[in-house]
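The sequence and the structure come first, and the description follows.

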Amino acid sequence: MTPLACRAMLAALIMTVPVWARAQQTDVTGRPALPLRLAPETRATLERLIDSVRTVGLPVNPLFDKAAEGVLKGADDRRIVAAVQSLVRELGSARSLLGSASNTALLTAVASALHAGVSPADVRRLVASSTGDADGHLLTTAIVTLVDLVAKRVPPTAAVSSLAELMSRRVPESQYLALRSEVEQDILAGRAPDVAIADRTRARVRALDEQPGAADRALPAKRPSTPR
Amino acid sequence: MRDPGMGERELSPRLRAAIGVLKESSAPDATWRAELLRRIDGFSVDVIQIATRPAPRRWSLRPSIAIAAGLVCALLGAGASAALLLSRQPEPRVVAEAGVLPVRFRLVAPDAGQVSLVGDFNRWDPVALPLRRSADGRTWELEVRLRPGRYSYSFVVDGRLARDPAAPQEAGDDYGSPNSVLLLRGS
């Protein structure tokens, strides 16, 4: 099938799915429901899978979302089941890496990173550098940035090194967004992704070190917890 | 068997008048009545007896069946009303919901005829969240109230999926078109 035909099919599908999509939001009990377009056997397979995930205490909403996304994008049932199964595995691995106290946003971010090819060792390295981040938001931001950088062909290990450096300095969220934007511009300008991330991180760290009070912000990657 | 109602309707006007007299008489003598009736048009006494006897009341349905049918209708009506109430969409909330934050989505698409937002927050429903063209005619905007969390999303521009160029990208897409990611922190 030609790319033009693929696009036309996708466009036609997006125009025609609203009826299915609107009917698939929730069931009569208000719980999320699987898309109606799926074949009964596919729905049964996914419902069994989702029930098992619910039993082990992992979030199930991302699984419903993944199935709904597949329907919108015109994926066939086999592909949707494969995508949901893959997400289940990655959520399980993310839970193993983060522990049971992690929130859904962080879990799905780490699952996405694993899906993008980031190794569990690199994720652990990033988690270890996230001190003083009570709600895990900065760690989640760093992981979302990591996934974006990897999508731009930055090697995962190089991206993790840069982000761990920023995390250990407890920089605000805006710094991650700025780094992402700068690296993107450099890559679009023709620079090698690994060189772009290294140079931009160095420049950012230098700028941070020159700011007053920089010594107080920079902390060792891991601090022992002290009882009060 | 002859229908008594039919018999009375078929009688001549004179006979009907006689029957009226018979009905009105308080204690008519049977012989007198039979003689009178024989004189009128030669109809048989049997027919007249049937006509003068009060016709048994007839039901189109047995009362028990009618009551049961009424109950079934009432139950069906109540069920339909309950189903209608349950299927109604929740009313839009007027008061601000705790922990929900306004997020403005914006896309520059001057040539687009229609833009909508799909993502984890609306179960990828392409008609639920249409963007509005802003005054400059180039930008499409929509404010959505969301709970803190991480959301994958995309725009649908004239039926085609388009990533948000201003947001981080989600890698390793399963379905062939990458999404954007929104990370929303609680206040």
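## The interface

Chain A and chain B bury about 3400 Å² between them, and 57% of that area is on carbon and sulfur atoms. Buried area here is the accessible area (1.4 Å probe) that two parts lose on being put together, summed over both. On the chain A side, A:D65, A:L72 and A:K73 lose the most area to chain B, together 16% of what that side buries. The contact (heavy atoms within 4.5 Å) takes 43 residues from chain A and 32 residues from chain B.

This is a predicted model, in which local features need pLDDT of at least 70, side-chain atom pairs count only at pLDDT 80 or more, and totals for chains, interfaces and linings use all residues. Residues are numbered from 1 along each chain as its sequence is written, chains are lettered from A and ligands numbered from 1 in the order in which they are written, and side-chain values use heavy atoms, with hydrogens and water left out.

## Salt bridges

A salt bridge is a side-chain nitrogen of Lys or Arg within 4 Å of a carboxyl oxygen of Asp or Glu. Over all chains the count comes to 22 salt bridges. One pair crosses between chains, from A:D65 in helix 4 (residues 61-72) of chain A to B:R123 in the loop between strand 2 (115-119) and strand 3 of chain B. The closest N and O atoms of A:D65 and B:R123 are 2.7 Å apart. Across the interface of chain A and chain B there are two salt bridges.

## A sheet in chain B

Helices (H or I, at least four residues) and strands (E, at least two) are DSSP runs, numbered from the N terminus, and two strands pair if DSSP finds at least two bridges between them. In chain B, three strands form an open sheet in the order 1-4-3, with antiparallel pairing. Strand 1 (101-108) and strand 3 (132-133) of chain B each have a single partner strand, so one side of each is left without a neighbour in the sheet.

Strand 1 of chain B is joined to strand 4 (residues 139-146) of chain B by eight bridges. B:P102 stands opposite B:R145 in strand 4 of chain B.

## Cavities

A cavity is a set of points, on a 1 Å grid over the protein atoms alone, where a 1.4 Å probe fits but cannot get out; lining residues have an atom within 4 Å of a point. There are two cavities of 30 Å³ or more. The largest cavity holds about 40 Å³ of space and is lined by A:S130, A:T131, A:D133, A:L138, A:M167, A:R170 and A:Y176.

Note on methods: On a 1 Å grid over the protein atoms alone, a cavity is a set of points where a 1.4 Å probe fits but cannot get out, and a pocket is an open set with protein on both sides within 12 Å along at least five of seven lines; lining residues have an atom within 4 Å of a point. Grid points are joined across faces, edges and corners, and a volume is the space filled by probe spheres set on the points.
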